[in-house]
Amino acid sequence: TEIYTLSLHDALPISNFAASAGYSPYGFLVANVIARARWKPANGPFTFTFDRDSVKDSQLSYAGLHDPGSAGPGFEGNVWGGVVATGAEAQFSHTDGNSGFYVSAGGQYLDGVHVQTNNRIDGDAGAYWQVRSVPDEGTMTLGVNFFAMHYAHNSTFFTYGQGGYFSPQAYFLATIPISMQVEQGWNLRYTITGSFGVQ
């Protein structure tokens, strides 16, 4: 199935504030208005994000489907899905160029057409350090990250009334990310990133 999206994201950057709005997906069974705003007061360590966006985990959650169980002559079935997550996040971060740390927390309210409403809370924290730097050769950065989230309901299934999106009632992820920025001569620069951990 092809997925078409009409995005009318007209960013409005004003100092440390930016906002956008759109309509997505276009031409599907369920369409929603989406929007995003981001504010970094005085360009300081705090960043506040407000977001309303489609849940793109599956065609059901993103665009909606017809329920074959309710289909009949001349009727394709009830429409359900098209889940939208509306939420906010606050982040505190600090960096000195070679190292830094960050911590954030947020929450979302999820709803759609004939879909059980849901709530999500999450938190993220981590730090990173530049462990190697060689002029004209590159740098290596090592970090640590912890992420956790909780949904009030598991709505991962695809039956009528479910949302078809990843929504565990308990989820935890711990990783060690590694990044290498390599410079070779005047014309070639590339970055290699990866991580390992447990979830």
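Mentor: Start with the largest nonpolar core. It has 12 residues in all: Val55, Leu60, Trp80, Val83, Ala85, Leu110, Val115, Phe147, Met149, Tyr151, Tyr165 and Tyr171. Two elements, β5 (79–95) and β8 (138–151), each give two or more residues to this core. Keep in mind that this is a predicted model.

Now pick out Tyr165, one of the core residues. Leave aside residues up to four places away in sequence. Tyr165 then touches Val55, Val83, Leu110 and Tyr151, among others. Its contacts also include Asp57, Ser61, Asn118, Ser155 and Thr156.

Next, go to the strands. Strand β1 (residues 17–24) runs antiparallel to strand β2 (residues 32–39), and 8 bridges join them. Look for Ala21: its bridge partner in β2 is Ala35. β2 also pairs with strand β3 (residues 46–54), again antiparallel, over 5 bridges. Here Arg36 has Asp51 in β3 as its bridge partner. β2 and β3 form a hairpin, with 6 residues between them. In that turn, Ala42 has a positive phi of about 55 degrees.

Finish with another hairpin. Strand β9 (residues 171–184) pairs with β10 in the antiparallel sense, over 11 bridges. Ala174 stands opposite Val198 in β10. Between β9 and β10 lie 3 residues, and Gly185 in the turn has a positive phi of about 70 degrees. Strand β10 (residues 188–198) is hardly covered: of its 11 residues, the count of buried ones is 0. Tyr171, by contrast, belongs to the core.

Conventions: Residues numbered from 1 in each chain as written. Predicted model: local features only at pLDDT ≥ 70, side-chain atom pairs only at ≥ 80, totals over all residues. Heavy atoms only, no water. Core = buried A, V, L, I, M, F, W, Y, C linked by side-chain atoms within 4.5 Å. Buried < 20%, exposed > 50% of the residue type's maximum accessible area, 1.4 Å probe, protein only. Helix = DSSP H or I, 4+ residues; strand = E, 2+ residues; numbered from the N terminus. Contact = heavy atoms within 4.5 Å. Pairing = 2+ DSSP bridges.
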